[in-house]
Amino acid sequence: MVQHVVLFKWKPSTTPQQIAQAKNGLTQLPKLIPGITAYSAGDQCSPENLGKGFQFGFVMTFTDAAARDVYLVHPEHKKLVEFLLTVLDDALVLDYAF
């Protein structure tokens with residue numbers, strides 16, 4: 001299995017409607033792309049002040065690295081990434097197998 005951990009920093013100009021659109025798009029991906037076994041997401045709420053400005057994060061679990069690789073090039077994922085590039089100031093991705 002592969003965990004796909006992603007953190008987002010929204011551009012200062014990103015509207016609440018655009019954030020909702022991004023979150024909704026992410027929520028739809030497990031329904032559209034095979035190999036995703038779990039998805040969870042949420043806004044930054046840590047009191048530790050170690051978030052480095054990242055405001056939102058999500059975790060996807062894939063059956064294996066091959067499923068993750070299919071996701072990365074899947075047209076639905078690529079379409080969402082195109083939109084995300086217009087609203088994100090930065091992103092951080094960390095994948096690990098377990």
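A pocket was defined, on a 1 Å grid over the protein atoms alone, as an open set of points where a 1.4 Å probe fits, with protein on both sides within 12 Å along at least five of seven lines, and lining residues as those with an atom within 4 Å of a point. Grid points were joined across faces, edges and corners, and a volume is the space filled by probe spheres set on the points. The model is predicted, so that local features need pLDDT of at least 70 and side-chain atom pairs count only at pLDDT 80 or more, while totals for chains, interfaces and linings use all residues. Residues are numbered from 1 along each chain as its sequence is written, and side-chain values use heavy atoms, with hydrogens and water left out.

The largest pocket has a volume of about 250 Å³ and is lined by 15 residues, with Val 6, Phe 8, His 77, Val 81 and Leu 84 lying nearest its centre. Two or more lining residues come from each of strand 1 (2-10), helix 2 (65-73), helix 3 (75-87) and strand 4 (88-97), these being DSSP runs numbered from the N terminus (helices H or I, at least four residues; strands E, at least two). Helix 3 contributes most, with five residues. The lining comprises 13 nonpolar, two polar and no charged residues, where Ala, Val, Leu, Ile, Met, Phe, Trp, Tyr, Cys and Pro count as nonpolar, Asp, Glu, Lys and Arg as charged, and the others, Gly among them, as polar.

The second largest pocket holds about 170 Å³ of space, and its lining includes Gln 21, Leu 32, Glu 76 and Phe 83. Helix 1 (16-32) supplies the largest share of this lining, six residues, and the classes are four nonpolar, four polar and two charged.
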